[in-house]
Amino acid sequence: MMQSPREDLERENPATSLTKAAAGAPLRLHTLVLLRWLAVAGQTGALFVVAVILDFPLPMVAISIPIAASILLNIVLQAVYPAAKRLSDREAGLYLAYDILQLAALLYLTGGLQNPFSFLILVPVTISATILELGLTIGLGALAFACITMLSVLHLPLPWRGQPFDIDPIYMIGIWASLSLGMVFIVTYAWRVAAEARRLSSAFAATRDALAREQQLSALGTLAAAAAHELGTPLATIAIVVRELADDLADSPQAEDLAILRSQTARCREILSRLSRRPEDMRDETFSILGLTALVEAAAEPHLRRQINFQIEDVGEGEEPQVRRSPEIIHGLGNLVENAMRFAREQVVITIDWDEREVVVAVSDDGPGFSAEILESLGEPYVTTRKGEGLGLGVFIAKTLIEHSGGRIGFFNRVGRGAEVAIRWPRGILDIGGSGQATAAGDTRNE
């Protein structure tokens, strides 16, 4: 069974790119090694200031062991692995767990939570919240919490001159609580912000994929137009030669073969003629401009369903806008029509209106309408009313592409029953009929 060009392209370029984008690029080992070198430099500098400049007594040998361990680990990692190595989430989690334990060992030797640098134990967990999956971040947070709790009761005295430095137990409980609650707040905030950034990035990646597919389909139209143009002349020559041979050899044994050849030549000319009669699929200057109604029909046609009545109502004033066949508009409108078809009970109506200043296209259906809890969030990525179906990117992609074409989009519930999506363009941006002003803008947007 033959597949359509759209099905072929979607099979070649499926939504796996979205999955890859959502997963995010793995962390480079070089990044963690660099951060650990900075930590080692800071720890060494603090040790020098406290021991040499302030002349506080310190267990130098014991403190040097965790710092030396970090130095040795970094040297081994840089020697064994290439600089471009990417870490899995599990590997990155193990390296960050080591950093938590190394810092906990240093804090144990230097006063525990009384040490003013004890807040640094939150850093590895915060890094995890921005790059790793939630489960690993929770695990690292639990490890950091255990270390904070242990350091609040078990630690060597804080280096100090004269009498040992001591803090009231109630104040120690306050430090423990502040670090614990601060870790929960910082990690939650960092994880939510990073998750939103990853979701938005993957949604834009899906939008780029959708636009690329639509542009590939348009490129197929260009190829069809070029083929029809280039093959027309040699095919006409072949037809003339075949006709003359058929006349000359009418009574010969080859007459039947020439008749078949002549009929097949006529069939080829008919196919090229049909290609030439499909201007909505062409991208050259002659055929890429069409009326607004034809553009809407071209966008809606792949998504129509037999059981749903579909109609287009033209209520514009004056001359109909002439628009360029933009992949952004085609795909954006197509997504909205597909959504309406899914939820409609019996009918989907597209109303096209225009005046001297504005062009409006409204897609409405007689379905249940938008639910109140998602109406304000429509147009954001991963917002969907079809539980368990899809990724909630259709409306986001449509909104992004429509806005890229210069339009504004709004979502409403109609009085009575049904949903409506209204798209508005300034006529000067969309209409290129009779004026060259918008042509350059259209070309710029489609580059």
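Reader: Which side chains meet in the salt bridge of 2.8 Å, N to O?

Author: The side chains of Arg 36 and Asp 99 do. This is a predicted model, so read each contact as part of a prediction. The pair links distant parts of the chain. Arg 36 is in helix H3, and Asp 99 is in helix H5, residues 89-109. They stand 63 residues apart.

Reader: Are Arg 36 and Asp 99 buried or exposed?

Author: Arg 36 is buried, and Asp 99 is buried too.

Reader: How many salt bridges does a search of the whole structure find?

Author: Six. Take Glu 338 and Arg 342 next. Their closest N and O atoms are 3.6 Å apart. Both residues lie in helix H11, four residues apart, which is about one turn of the helix.

Reader: Which residues are linked in a network of salt bridges?

Author: Glu 358, Arg 408 and Arg 424. Look at one pair in it. Arg 408 and Glu 358 have their closest N and O atoms 3.5 Å apart. This pair also links distant parts of the chain: Arg 408 is in strand E8, Glu 358 in strand E7, 50 residues apart. Arg 408 is exposed, with a relative accessible area of 53%. Glu 358 is partly exposed, at 23%.

Reader: Now the inside. What do nonpolar side chains tend to do in soluble globular proteins?

Author: They tend to be buried together. Here the largest nonpolar core has 36 residues. Leu 292, Ile 350, Val 361 and Trp 425 have the most contacts inside it. Among the elements giving two or more residues to this core are helix H10 (292-300), strand E6 (347-354) and strand E9 (419-426). Helix H11 gives the largest share, seven residues.

Reader: What does Trp 425 touch, leaving out residues up to four places away in sequence?

Author: Its partners include Ile 329, Val 359, Val 361, Ile 402 and Leu 430. Arg 357 and Glu 358 are also among them. Apart from this core lies another, of 32 residues, including Leu 27, Leu 87, Ile 100 and Val 125.

Reader: Glu 328 lies in helix H11. Is it buried or exposed?

Author: Buried. The cut-off is under 20%, and Glu 328 has 1% relative accessibility, so it counts as buried. Check its polar contacts next. One of 2.7 Å joins its side chain to that of Ser 326. Another, of 3.0 Å, joins the side chains of Glu 328 and His 404.

Reader: Which residues make the nonpolar surface patch of about 440 Å²?

Author: Phe 48, Val 49, Val 52, Ile 53 and Leu 54. Phe 48 lies in helix H3, residues 29-53. Its relative accessible area is 46%, so Phe 48 is partly exposed.

Reader: Where does Asp 55 lie?

Author: In the loop between H3 and helix H4 (60-80). Asp 55 has a positive phi of about 60 degrees although it is not a glycine. Asp 55 is exposed, with a relative accessible area of 54%.

Reader: And the whole chain? How many helices and strands does it have?

Author: The chain has 15 helices and nine strands. Of its 447 residues, 38% count as buried. The chain exposes about 25,000 Å², and carbon and sulfur atoms supply 61% of that.

Notes
Residues numbered from 1 in each chain as written. Predicted model: local features only at pLDDT ≥ 70, side-chain atom pairs only at ≥ 80, totals over all residues. Heavy atoms only, no water. Buried < 20%, exposed > 50% of the residue type's maximum accessible area, 1.4 Å probe, protein only. Areas by Shrake-Rupley, 256 points an atom, 1.4 Å probe, with all protein chains shown as cover. Core = buried A, V, L, I, M, F, W, Y, C linked by side-chain atoms within 4.5 Å. Contact = heavy atoms within 4.5 Å. Polar contact = N/O pair within 3.5 Å; in protein donor to acceptor, adjacent residues only side chain to side chain. Patch = residues over 30% accessible without salt bridge, like charges linked within 9 Å, V, L, I, M, F, W, Y side chains within 5 Å. Salt bridge = Lys/Arg side-chain N within 4 Å of Asp/Glu carboxyl O.
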